[in-house]
Amino acid sequence: MVKAVIFDLDGVLVTTDELHFAAWKTLAERIGIKNFTRADNARQRGVSRMASLEVVLEKSDREFSDEEKTALAEEKNKMYVESLSALSRSDVLPGAFEFIEYIKSKGIKAAVGSASKNTPLILEKTGLADKFDAVSCGLDTVRSKPDPEVFLTAAKKLGVDPCRCAVIEDSNAGIEAAKAGGMYAVAVGAAEHAPKADISVGSLESLYKAMDIFA
């Protein structure tokens, strides 16, 4: 029986994809990369900031030092954080609040497991901050998905055995991380039909209508 649900953040609870894409594209163009696309942006889903930067730099002919990479990642993050000022409760995806309320009414714990270091800010801006029993994010971890560290950290904070946790993810890397951590994996959105997922649904809202898996 599931004792806890661990939610990815971007693409599962809130939608900030366009903000990420705009910031990465602006950075790419500043360093001479004119062909950063939405397909490239999709490859950044679920992974760390530095791993996302490497997706951008693959399109450059020049080599960047570690110091330059760190500075570029910080530059992108500054642009992204500035754009977060406009976030509100309206950016929470359909079904999210209802789903969280449902599982908590059943005594199931809820946590966030995200690679983003901006997780606390996003949760605060969207009115989700007080909805979770634990938050695990890039501030707590050093290894990015598909490594299971972020989910195992969430399970530890919750005090729940990983095999009693269900992870809801919208990226293949996140699904792989959940399975690597010995957890039940629910694929939503962009990860729908991920081969390693235990179940797949179109959205959190549709999952809310199929609650029997958490009964």
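This is a predicted model: local features need pLDDT of at least 70, side-chain atom pairs count only at pLDDT 80 or more; totals for chains, interfaces and linings use all residues.
Visitor: Which residue in E2 is the bridge partner of Ile6?
Guide: Strand E1 covers residues 4–7, and strand E2 covers residues 109–113. The two run parallel and are joined by four bridges. In E2, the partner of Ile6 is Ala111.

Visitor: Is E2 largely enclosed or exposed?
Guide: Buried means under 20% relative accessible area. Four of the five residues of E2 are buried, so the rest of the structure surrounds this strand. E2 is largely enclosed.

Visitor: What unit do E4, H8 and E5 make?
Guide: E4 and E5 pair in the parallel sense over four bridges. Together, E4, H8 and E5 form a right-handed β-α-β unit.

Visitor: Which residue in E6 is the bridge partner of Ala187?
Guide: Ala187 is in E5, where it stands opposite Glu169. E5 also runs parallel to E6, through two bridges. In E6, the partner of Ala187 is Ser200.

Visitor: Is Glu176 buried, partly exposed or exposed?
Guide: Glu176 sits in helix H8. Buried needs under 20% relative accessible area, and exposed needs over 50%. Glu176 has 33%, so it counts as partly exposed.

Visitor: Which residues does Glu176 touch, not counting those up to four places away in sequence?
Guide: The C-alpha atom of Glu176 is separated by 9.2 Å from that of Ala194, 18 residues apart along the chain. Leaving out residues up to four places away in sequence, the contacts of Glu176 are Pro146 and Lys196.

Visitor: Is the peptide bond from Lys145 to Pro146 cis or trans?
Guide: Pro146 lies in the loop between E3 (134–136) and helix H7 (149–158). Most peptide bonds are trans. From Lys145 to Pro146, omega is near 20 degrees, and the bond is cis.

Visitor: How are H3 and H4 oriented: roughly parallel or roughly perpendicular?
Guide: Helix H3 (residues 49–57) and helix H4 (residues 66–83) have axes 10 Å apart. They pack at an angle of about 100 degrees. That makes H3, relative to H4, roughly perpendicular.

Visitor: How many residues in the contact of H3 with H4 are nonpolar?
Guide: From H3, the contact includes Met50, Leu53 and Leu57; from H4, it includes Leu72 and Ala73. Arg49, Glu54, Lys69, Thr70 and Asn77 also take part. The contact holds three charged and two polar residues, and the nonpolar ones number five.

Visitor: Which helices are included in what covers the buried residues of H3?
Guide: The buried residues in H3 are Ser52, Leu53, Val55, Val56 and Leu57. Their cover includes H1 (17–30), H2 (38–43) and H4.

Conventions
Residues are numbered from 1 along each chain as its sequence is written. Side-chain values use heavy atoms; hydrogens and water are left out. Axes are lines fitted to C-alpha atoms, for helices over the stretch in contact, and angles run from 0 to 180 degrees between N-to-C directions. Angles under 35 degrees count as roughly parallel, over 145 as roughly antiparallel, 65 to 115 as roughly perpendicular and the rest as oblique. Contact means heavy atoms within 4.5 Å. Ala, Val, Leu, Ile, Met, Phe, Trp, Tyr, Cys and Pro count as nonpolar, Asp, Glu, Lys and Arg as charged, and the others, Gly among them, as polar. Buried means under 20% relative accessible area, exposed over 50%, partly exposed in between (1.4 Å probe, protein chains only). Two strands pair if DSSP finds at least two bridges between them. A crossover is right-handed if, with the strands pointing away from the viewer, the path from the first strand over the helix to the second runs clockwise.
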